[in-house]
Amino acid sequence: MTLFRFGYVAMSVHLQNASPSKTMTFSQFSKIADREAAVRKLERIAKTNLHNCLRLLRHNVAHEIDFFRLSSKLIPLANHPELLAWNYIKPLSEELSQIETFIDKHPNLRIDFHPDHFVLLNSKDKKNFSVSLKTLQMHYELLSMMGINAAHRCVLHVGGGYDDKEKALEQFIHNWGLVPARLQQMIILENDDSSFNLKETLYLSEKLGIPLVFDYHHHLANHEKGTSFEEDWSRVVDSWSHSLLPVKMHISSPRSEKDFRAHADFVDLEMFWTFAEAVKGTVEQIDVMIEAKLKDESLFRLIKDIREQKQVEWVTATSFRMI
């Protein structure tokens, strides 16, 4: 039997005043005449974000949610070219240590990141590539300071198609050799909804030994005509064979037929169940990241729908095995 464990993204609609993504633009930063005071303000914002991150983790544990994606905006402007000399980790050490202590007490928690869309490892632009590496280094440092093994914790898309997907894939392979080993180990790849489909992403995954996160919604929006994900599912599972973490997938539902790629507020039960029925028994565990707009409320709604309509064996409040 396969264990399905659910998580959600970045923030809660139930927990009030707990945004982990408070920010400050570089324009706002630049308008503060005293640069040291401006940096201190950035640090205060980051401290608030980390404090709220800890509140979210406590909220999750209280509701037996063991899977969570951290916001990639915890430290505003950390990767900005004009702030390369800012040692943001040192002033945040106490807040990061508190999170580390909490995670250490709850070893079943799976925590990861999904850096923003501008992190492009197949970019030909050296400046863009450099900023991408800087951003990944920030994620690595945060994970390390939280006491989390960084291996396979950052989801990335392949990147831009640049009007020639074959060349774009080869550019990724070329650039991969320029990525430090510690950052390579951190990365997992996801099929996207417009450029690189499951088969194309699997090409890189298998060639470079990178686990693949299967996004079912993206697959429905972007796949080769006449193909199904089932024919490649075993390859997805095999991509995780060298990882200490369980297979991971993303689930969301289309907002509408007309706006198919956009995410709805909730996850359609039958859409998820179609996937679950297809893969049950193929692997011991699948961690399911819900990417619906209403965050933890969408998780609670899906759990409620499953309890009311499906026969399963519940393991925790948010994980079950199919009967």
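The legends below describe several close-up views of a predicted model.

**View 1. The largest pocket and the residues around its centre.** The space in the largest pocket comes to about 870 Å³, and 35 residues make up its lining. Among these lining residues, Arg69, His114, Pro115, Asp116 and Glu291 lie nearest the centre of the pocket. Strand 4, which covers residues 154-157, gives the largest share of this lining, namely three residues. When the lining of the largest pocket is sorted by class, twelve residues are nonpolar, twelve are polar and eleven are charged.

**View 2. The second largest pocket, with helix 3 and strand 3 in its lining.** For the second largest pocket the volume is about 270 Å³, and of the 17 residues that line this pocket, Ile103, Pro107, Leu109, Ile148 and Arg153 are the closest to its centre. Helix 3 (93-105) and strand 3 (110-112) each contribute at least two residues to the lining, and helix 3 provides the largest share, which is three residues. The lining of the second largest pocket is made up, by class, of eight nonpolar, four polar and five charged residues.

View 3. Rolling a probe the size of a water molecule over the atoms shows where empty space is left. In this model the count comes to one cavity of 30 Å³ or more, and the volume of the largest cavity is about 50 Å³. The residues that line the largest cavity are Asn197, Leu198, Lys199, His219, His223, Glu224, Thr227, Ser228 and Asp232. Divided by class, this lining has one nonpolar residue, five polar residues and three charged residues.

**View 4. Helix 5 packed against helix 7.** Two packed helices are described by the angle between their axes and the distance between the axes. Helix 5 (residues 165-176) and helix 7 (residues 198-208) pack at an angle of about 25°, and their axes are 11 Å apart. Angles under 35 degrees count as roughly parallel, and helix 5 and helix 7 are therefore roughly parallel to each other. The crossing in which helix 5 passes helix 7 is right-handed. On the side of helix 5, the residues in contact are Lys165, Leu169, Glu170, Phe172, Ile173 and Trp176, and these meet Glu200, Tyr203, Leu204, Lys207 and Leu208 of helix 7. The residues of this contact include seven that are nonpolar and four that are charged, with no polar residue among them.

**View 5. Helix 7 packed against helix 9.** Helix 7 also packs with helix 9 (residues 230-239), at an angle of about 30° and with the axes 11 Å apart. Helix 7 and helix 9 are therefore roughly parallel to each other, and their crossing is left-handed. Leu198, Lys199, Leu202, Ser205 and Glu206 from helix 7 meet Glu231, Asp232, Arg235, Val236 and Ser239 from helix 9. By class, the contact of helix 7 with helix 9 divides into three nonpolar, two polar and five charged residues. Leu198, Lys199 and Asp232, which take part in this contact, are also found in the lining of the largest cavity.

**View 6. Helix 10 packed against helix 11.** Helix 10, which runs over residues 269-279, and helix 11, which runs over residues 295-309, pack at an angle of about 75°, with 10 Å between their axes. Angles of 65 to 115 degrees count as roughly perpendicular, and this makes helix 10 roughly perpendicular to helix 11. Leu269, Glu270, Phe272 and Trp273 of helix 10 make the contact with Leu302, Asp305, Ile306 and Gln309 of helix 11. The residues of the contact of helix 10 with helix 11 are, by class, five nonpolar, one polar and two charged.

Methods. Residues numbered from 1 in each chain as written. Predicted model: local features only at pLDDT ≥ 70, side-chain atom pairs only at ≥ 80, totals over all residues. Heavy atoms only, no water. 1 Å grid on protein atoms, 1.4 Å probe; cavity = no way out; pocket = protein on both sides within 12 Å on 5 of 7 lines; lining within 4 Å. Points joined across faces, edges and corners; volume = space filled by probe spheres on them. Helix = DSSP H or I, 4+ residues; strand = E, 2+ residues; numbered from the N terminus. Nonpolar A, V, L, I, M, F, W, Y, C, P; charged D, E, K, R; others polar. Axes fitted to C-alpha atoms, helices over the stretch in contact; angles between N-to-C directions. Parallel < 35°, antiparallel > 145°, perpendicular 65-115°, else oblique. Left-handed = near helix turned anticlockwise from the far one by under 90°. Contact = heavy atoms within 4.5 Å.
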